[in-house]
Amino acid sequence: MPLKTKQKVETLSIIIGGIALLMFLGYLFKLNYYSSLSYPWSIPIQLNSSINLILYCFSLHFLINKKNRAFIKYCSILLIINGLLNLFYLLKLDSDVLNSIYLNPIFDSIIIERYTNIKPCLASVFCYIVIGLSFLGILSKRKFFNQTAQAALHLVTLIAFLTILSLSDNIPSLEDLYFFSNFSIYGAFLLLLLSIMIATVQPHLGFVAIFVGSKIGHKISRSFFPIILISVLALGYLRIEISKTEQINGASANVLLQASFILITLFIAHFSKENLNKIDDQRKEAENKIVLANNNLEKRILARTNHLTKQNKQLEEFAYVVSHNFRAPVSNLHSLIDIYKEEEDPKTKDVLIEKFEITVTNLTTTLNDLLNVISVKNDTKKEKQNLVFDTCFLNAIESFQGDIIKSGALITSDFSKAPSIDYSALYLESIIQNLLSNALKYSSPLRTAKIHFQSHIINDETALIVSDNGLGIDLKEHGKEIFGFNKVFHKHPDAKGVGLFLTKAQVEGMGGTITVDSTVDVGTKFKIIF
């Protein structure tokens with residue numbers, strides 16, 4: 001049972017039990033709550049019915065909380081036996097045992113005369129017997145008994161509902177039936193509620209399954225049934241009132257009822273249309289959200305796949321570089337060690353030591369380059385701060401002052417369109433230094449080097465453009481590997497193929513992109529979107 005339904009059932013069971021207890025106390029203290037009322041409201045809830053209601057409310061509480069099954073079982077059996085005794089007595093079956101109980105002067109004076117002068121209602125007694133049997137059916141583990149219990153509870157609901165309608169409309173024919181004689185309208189209403197509440201314990205069975213649930217059919221049923229029920233009751237009441245007057249004949253009454261029924265049907269159709277359209281809009285909205293989520297998921301998967309592909313390629317390149325760049329120095333060291341062991345001339349050994357130092361220095365440089373690459377790939381700090389382009393640019397100029405003077409390069413800048421940026425200080429300085437270093441390193445010997453740094457705003461993103469008139473790169477031949485690790489495209493003693501690799505790693509590590517446009521012997525332009 002859903003939590004909300006359980007809470008509602010418990011609340012109603014407390015209310016019904018409280019009303020029944022109030023009726024029971026009225027009998028004990030001879031309080032007549034109905035003396036000023038007219039028929040049928042003057043018929044009280046009888047003593048037997050009030051006790052039954054109290055005990056069945058306790059049983060329902062234990063049933064929905066799955067406790068004290070023994071109490072439910074034995075209480076139901078006791079009330080069934082009590083109901084059968086009442087039933088046999090009302091049917092006037094001759095029995096010495098029943099006569100000794102019900103015709104006993106003490107019993108008659110204490111129970112019948114003191115509390116009520118009305119015999120128990122046969123329909124009421126029958127309903128309480130059926131409810132007791134329903135409790136036993138619900139406790140059973142067999143589906144047949146569960147289904148039978150649900151059907152029996154619906155029968156009680158129907159009897160109580162018919163009684164309420166007949167008594168509230170003052171229909172004498174139903175009251176004249178011996179089966180419904182002396183049925184209290186209050187007792188019928190409480191029985192109606194109690195039978196529906198017990199039926200909700202098995203929400204997957206019977207008519208309860210039509211209303212209890214979260215699917216569209218359940219929602220529509222819950223929306224339509226109250227409207228239809230009220231409409232039918234209203235038409236029935238109208239028909240009864242019309243029949244009491246002589247101003248409208250039968251044909252006119254039928255016309256009015258038909259017109260009323262058509263209006264009610266139109267109202268229900270309108271309500272149904274609005275409700276279904278609302279559900280359809282919610283469905284379409286949910287479908288759009290699912291489609292959008294799937295598209296975003298596909299994009300994320302594609303981006304992740306591309307990222308992993310790049311990572312795998314970089315790992316392959318890294319493994320190749322490590323094996324290639326370390327194999328030669330290590331092999332050279334082994335050779336030098338062998339020669340050093342065999343050499344006896346001290347001067348030759350000193351020369352070998354110098355070669356040792358050169359090889360170790362080169363090996364250290366290579367190792368440092370690899371460590372720089374690893375540190376960029378695994379850097380998790382990347383703290384952002386507001387940086388002024390001009391300040392970072394001047395710091396880079398000072399770092400390469402000797403190379404600039406030696407080459408006679410003309411270096412200019414324009415950061416007016418985007419003076420500053422929120423970025424990692426370590427990364428931005430490294431990016432500017434690497435691009436400036438490359439532009440100076442690969443300047444053309446045939447002309448004065450011209451290098452220009454400029455910031456822009458492109459599609460609401462800050463961009464840095466670095467252009468030079470250097471040697472340029474053949475992109476048709478080297479375009480795919482221009483940012484590769486250890487890739488060199490010009491002969492230069494200081495060329496290592498690490499600068500552009502680090503620059504790209506730093507830019508992409510912060511979520512940006514870097515592109516290059518270059519022409520051989522004309523110049524190169526790098527564009528970074530941060």
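The legends below describe close-up views of a predicted model. Local features need pLDDT of at least 70 and side-chain atom pairs count only at pLDDT 80 or more, while totals for chains, interfaces and linings use all residues. Residues are numbered from 1 along each chain as its sequence is written, and side-chain values use heavy atoms, with hydrogens and water left out.

**View 1. Salt bridge between E287 and R283 in helix α12.** A salt bridge is a side-chain nitrogen of Lys or Arg within 4 Å of a carboxyl oxygen of Asp or Glu. A search of the whole structure finds 4 of these. In the pair shown here, the closest N and O atoms of E287 and R283 are 2.7 Å apart. The two residues are 4 residues apart in helix α12 (residues 250–342), so about one helical turn separates them. Helices (H or I, at least four residues) and strands (E, at least two) are DSSP runs, numbered from the N terminus. E287 is partly exposed, at 39% relative accessible area, and R283 is also partly exposed, at 36%. Buried means under 20% relative accessible area, exposed over 50%, and partly exposed in between (1.4 Å probe, protein chains only).

**View 2. Salt bridge between E285 and K289.** The N to O distance in this pair is 3.7 Å. Both residues lie in helix α12, 4 residues apart, about one turn of the helix. E285 is partly exposed, with 45% relative accessibility, whereas K289 is exposed, with 53%.

**View 3. Salt bridge between K504 and E508 in helix α18.** The closest N and O atoms of this pair are 2.5 Å apart. Helix α18 covers residues 499–509, and K504 and E508 are 4 residues apart within the helix, about one helical turn. K504 counts as buried, at 19% relative accessibility, while E508 is partly exposed, at 32%.

**View 4. Strands β1 and β3 pair in the antiparallel sense.** Strand β1 (residues 385–388) and β3 are joined over 4 bridges; two strands pair if DSSP finds at least two bridges between them. N386 stands opposite D422 in β3. Along β3 (residues 420–423) the side chains alternate.

**View 5. Positive surface patch of K4, K8, K219 and R222.** Patches are made of residues with over 30% relative accessible area and no salt bridge; like charges are joined within 9 Å, and nonpolar side chains (Val, Leu, Ile, Met, Phe, Trp, Tyr) within 5 Å. Lys and Arg count as positive and Asp and Glu as negative, while His and the chain ends are not counted. The place of a charge is taken as NZ of Lys, CZ of Arg, CG of Asp or CD of Glu. Helices α1 (3–28) and α11 (216–244) each supply at least two residues of the positive patch. K4 lies in helix α1 and is exposed, with a relative accessible area of 65%.

**View 6. Negative surface patch of D345, D350, E354 and E357.** D345 is in the loop between α12 and α13 (346–378). At 34% relative accessibility, D345 is partly exposed.

**View 7. Nonpolar surface patch of L21, L25, L28, F29 and L31.** Together these residues have about 450 Å² of accessible area, computed by the Shrake-Rupley method with a 1.4 Å probe, where for residues only the protein chains shown count as cover. L21 is found in helix α1 and is partly exposed, at 42% relative accessible area.
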